[in-house]
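This briefing goes through one protein chain by topic, from its overall make-up to single residues. Please keep the sequence and the model at hand while reading.

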Amino acid sequence: PRFGSHVAPQRPSAVRIQTAHVPRIDRYQHTIKLAPDMAIAHYNLGNLYVALNRPEEAIRNYLAAIKIDELFYPAKVNLAMFYNKRGENDKAEEQLREVVKAHPDLHDISYSLGLLLAEMKKYDSAVVYLKKAAKGMPERPRVHYNLGLLLQYLKKDAEAEGALLKALKIE
């Protein structure tokens with residue numbers, strides 16, 4: 001058999017972990033019935049479904065949270081991360097762009113968007129968001145380092161050197 005082609009039997013502890021979530025699911029569903037306009041309940045339920053590897057239910061709950069409160073960015077960010085994990089980067093980009101537009105001071109989201117755009121080979125846009133993140137989070141060496149690597153890849157050597165030296169200086 002090929003590597004990874006077999007399924008290992010579940011250990012009893014894994015079964016216990018999965019069934020341990022059942023009461024929490026019931027609690028969140030009960031909360032949603034009592035207060036259907038609470039975005040956070042759908043968000044938490046979405047997170048729980050991600051942990052249980054139930055992707056369609058996770059997506060449904062993240063979207064429900066966003067429908068209730070369009071400015072509730074944690075649901076959009078987690079949905080974007082989930083889409084990215086599934087290879088649905090266009091959908092992930094859409095969610096992150098909405099968050100950055102609505103919350104321009106969330107520089108770590110600009111950083112995530114920049115990394116995603118670089119992964120998608122949208123390098124010019126990636127530079128814009130990585131620069132925004134570097135300006136907003138000047139104390140984070142990883143941001144400057146990744147910006148420097150991208151600039152170096154784009155043959156913008158002077159800018160790349162500046163970003164990389166800043167990352168070293170901070171570190």
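Which pattern does the protein chain follow when it is read along the sequence? The pattern is α-α-α-α-α-α-α-α-α-α, in keeping with a count of 10 helices and zero strands. The model is a predicted one, and the points below should be read with that in mind.

**Overall make-up**

- Of the 171 residues in the protein chain, 36% count as buried.

**Nonpolar core**

- In soluble globular proteins, nonpolar side chains tend to be buried together.
- Here the largest nonpolar core has 45 residues, and Ala-75, Leu-96 and Leu-147 are those with the most contacts inside it.
- Helix 8, which spans residues 123-136, gives the most to this core, contributing seven residues.
- Leu-96, one of the residues with the most contacts inside the core, touches Val-77, Ala-80, Ile-109, Ser-112, Leu-113 and Leu-116, when residues up to four places away in sequence are not counted.

**Helix packing around helix 5**

- Helix 4 (residues 55-68) packs against helix 5 (residues 73-85) at an angle of about 150°, and their axes are 9 Å apart.
- Because angles over 145 degrees count as roughly antiparallel, helix 4 is roughly antiparallel to helix 5.
- Their contact is made on the helix 4 side by Pro-55, Ile-59, Tyr-62, Leu-63, Ala-65 and Ile-66, and on the helix 5 side by Ala-75, Lys-76, Asn-78, Leu-79, Phe-82 and Tyr-83.
- Helix 3 (residues 39-51) also packs with helix 5, their axes coming within 10 Å and crossing at roughly 20°.
- Since angles under 35 degrees count as roughly parallel, helix 3 and helix 5 are roughly parallel to each other.
- In this second pair, Tyr-43, Asn-47 and Val-50 of helix 3 meet Pro-74, Ala-75, Asn-78 and Phe-82 of helix 5.
- The crossing of helix 4 and helix 5 is left-handed, and the crossing of helix 3 and helix 5 is left-handed as well.
- Ala-75, Asn-78 and Phe-82 of helix 5 are listed in the contact with helix 4 and also in the contact with helix 3.

**Salt bridges**

- Side chains of opposite charge can pair when their charged atoms come close.
- How many salt bridges does a search of the whole structure find? The search finds eight.
- In one of them, the side chains of Glu-57 and Arg-54 meet with an N to O distance of 2.8 Å, and Arg-54 counts as partly exposed at 30% relative accessibility.
- Glu-88 forms a salt bridge with Arg-86, the closest N and O atoms being 2.9 Å apart, and Glu-88 also pairs with Lys-91, where the closest N and O atoms are 3.0 Å apart.
- Glu-56, Arg-86, Glu-88 and Lys-91 are linked in a network of salt bridges.

- Is His-144 buried or exposed? His-144, which has its place in helix 9 (residues 141-153), is buried, because its relative accessible area of 4% falls under the 20% cut-off.
- Leaving aside residues up to four places away in sequence, His-144 touches Ala-134, Met-137, Pro-138, Ala-163, Leu-164, Lys-166, Ala-167 and Ile-170.
- Lys-169 lies in helix 10 (residues 157-170) and is exposed, with a relative accessible area of 75%.
- Although Lys-169 and Pro-141 are 28 residues apart in sequence, their C-alpha atoms are 8.3 Å apart in space.

**Loop residues with positive phi**

- Most residues other than glycine have a negative phi.
- Asn-53, in the loop between helix 3 and helix 4, has a positive phi of about 60° although it is not a glycine, and it counts as exposed at 62% relative accessibility.
- Lys-155, found in the loop between helix 9 and helix 10, likewise is not a glycine and has a positive phi of about 65°; at 67% relative accessibility, Lys-155 counts as exposed.

Terms used
Residues numbered from 1 in each chain as written. Predicted model: local features only at pLDDT ≥ 70, side-chain atom pairs only at ≥ 80, totals over all residues. Heavy atoms only, no water. Helix = DSSP H or I, 4+ residues; strand = E, 2+ residues; numbered from the N terminus. Buried < 20%, exposed > 50% of the residue type's maximum accessible area, 1.4 Å probe, protein only. Contact = heavy atoms within 4.5 Å. Salt bridge = Lys/Arg side-chain N within 4 Å of Asp/Glu carboxyl O. Core = buried A, V, L, I, M, F, W, Y, C linked by side-chain atoms within 4.5 Å. Axes fitted to C-alpha atoms, helices over the stretch in contact; angles between N-to-C directions. Parallel < 35°, antiparallel > 145°, perpendicular 65-115°, else oblique. Left-handed = near helix turned anticlockwise from the far one by under 90°.
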